[in-house]
Amino acid sequence: MTLQTLIDELGLKCKCCWEKLGNEIEGGYAGDLLSDVMGNSKKGDIWVTRQVHLNIVAVASLKEHAGIVIVQGASPDKDTIEKAQKEGIPIMVSDLPEFELVGKIYHLMHHAQ
Amino acid sequence: MPNEEYLEGKYFIQGRDFVDAGIVSSEMKKYLKEKGIPEGIIRKVAVVTFEAEVNIISYAEQGTIKCYIEPDSVTIEARDIGVGIEDVELAQQEGYSTADDSIREMGFGAGMGLANIKNHSDEFEISSVPNEGTYLKSTIYLNGK
């Protein structure tokens with residue numbers, strides 16, 4: 001499943017790196033503790049978080065995530081977007097709470113026809 | 001002490017500079033890729049370096065991270081001048097942290113950093129002198145054993 005499919009299905013708003021929406025999602029990870037995500041997420045994951053500051057881009061870039069989704073209607077900081085654009089990490093936002101969004105993504109990935 | 005003959009890079013890190021957190025790890029990752037180090041090894045090095053970097057930024061005035069590529073391993077060595085660690089055994093326990101709120105608000109300081117480094121290393125060493133600084137060494141074997 002690509003990031004574009006996720007955006008279409010779940011009404012996410014993309015904030016940067018539109019050219020990368022063809023990125024394939026291989027798995028997912030949810031978390032707000034950066035060391036937890038650093039230690040346990042995998043390459044190709046879609047990372048769902050409530051964090052908005054620019055260090056999330058460093059983590060996603062080092063772990064080669066497919067992209068980041070920020071939940072609960074939170075807006076990424078301006079420098080977060082700038083860094084993400086530079087590093088080529090797509091950032092999307094959702095109004096849903098983390099639990100609900102993760103449930104929907106999981107369903108799409110594992111049960112969609 | 002790693003063999004200086006294999007020193008490949010030395011990076012400087014300024015304490016409290018959270019804006020640049022991850023830059024050293026990212027540069028090192030790029031460098032190791034150019035050197036043809038296998039991806040799985042680079043992924044481990046990235047975790048180790050990032051956590052070491054964040055520790056220096058969070059708790060030290062300044063520090064350096066060195067990288068050594070030996071024929072059968074990659075070694076990361078982090079050294080800082082700072083508050084140091086009172087009890088290095090305790091500091092390695094997952095969940096133990098002395099981070100203040102400003103660090104925690106960014107999602108750091110959960111007490112998982114040293115545990116992450118240890119879990120991604122084949123050899124791990126840490127020593128510290130309170131109010132002087134901390135020395136950390138992580139070795140990752142290229143053959144995965």
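Two strands pair if DSSP finds at least two bridges between them. Helices (H or I, at least four residues) and strands (E, at least two) are DSSP runs, numbered from the N terminus. With that in hand, take strand 2 and strand 3 (residues 73–82) of chain B. Ten bridges join these two strands, and they run antiparallel. One pair to find on screen: B:Thr64 has B:Arg79 of strand 3 of chain B as its bridge partner.

A word on the model. It is predicted, so local features need pLDDT of at least 70 and side-chain atom pairs count only at pLDDT 80 or more, while totals for chains, interfaces and linings use all residues. Residues are numbered from 1 along each chain as its sequence is written, and chains are lettered from A and ligands numbered from 1 in the order in which they are written.

Now the whole sheet of chain B. Five strands make an open sheet, in the order 1-2-3-5-4, with antiparallel pairing. Which strands stand at the edges? Strand 1 and strand 4 (123–129) of chain B do; each has a single partner strand, so one side of each is left without a neighbour in the sheet. On average, neighbouring strands are turned by 10 degrees against each other, direction ignored.

Move along to strand 5 of chain B. Nine antiparallel bridges pair it with strand 3 of chain B. There, B:Val74 sits opposite B:Ile140 of strand 5. Strand 4 of chain B also pairs with strand 5 of chain B, through seven antiparallel bridges. B:Val129 faces B:Gly133 of strand 5 in that pair. These two strands form a hairpin with three residues between them, and B:Asn131 takes a positive phi there, near 65 degrees.

Next, helix 1 of chain B. This helix has twelve residues and reaches 17 Å from first C-alpha to last, close to the 16 Å expected at 1.5 Å a residue. The expected span is 1.5 Å times one less than the number of residues. Which of its residues are buried? They are B:Val24, B:Ser25, B:Met28, B:Lys29 and B:Leu32. Their arc around the axis is only 135 degrees, which puts them on the same side of helix 1 of chain B. The arc is that of the directions from the helix axis to the C-beta atoms. On the other side, B:Lys30, B:Lys33 and B:Glu34 are exposed.

Here are the cut-offs. A residue is buried if 20 or more other C-beta atoms lie within 10 Å of its own, exposed if 12 or fewer, and partly exposed in between; the C-beta atoms are placed from the backbone.

What covers the buried residues of helix 1 of chain B? The cover includes helix 3 (55–62) of chain A, plus strand 1 (7–14), helix 2 and strand 2 (60–70) of chain B. After helix 1 of chain B comes B:Gly36, with a positive phi near 80 degrees.

On to helix 2 of chain B. It has 21 residues and reaches 30 Å from first C-alpha to last, close to the 30 Å expected at 1.5 Å a residue. Of the 21 residues, 16 are buried, so helix 2 of chain B is largely enclosed by the rest of the structure.

Now the contact between the chains. Two residues are in contact if their C-beta atoms, placed from the backbone, lie within 7 Å. The contact takes 19 residues from chain B and 14 residues from chain A. On the chain B side, helix 1 (23–34), helix 2 (39–59) and helix 5 (113–119) each supply at least two residues. Helix 2 of chain B gives the largest share, four residues.

Last, chain A. Its open sheet has five strands in the order 1-5-4-3-2, and the pairing is mixed. Strand 1 (13–14) and strand 2 (27–30) of chain A are the edge strands, each pairing on one side only. Strand 2 of chain A runs parallel to strand 3 (residues 45–49) of chain A, with four bridges joining them. A:Gly27 stands opposite A:Asp45, and A:Ala30 stands opposite A:Val48.

Is strand 3 of chain A covered on one face or both? Both: A:Asp45, A:Trp47 and A:Thr49 on one side and A:Ile46 and A:Val48 on the other are all buried. In a regular strand the side chains alternate between the two faces of the sheet.

How values were computed:
Axes are lines fitted to C-alpha atoms, for helices over the stretch in contact, and angles run from 0 to 180 degrees between N-to-C directions.
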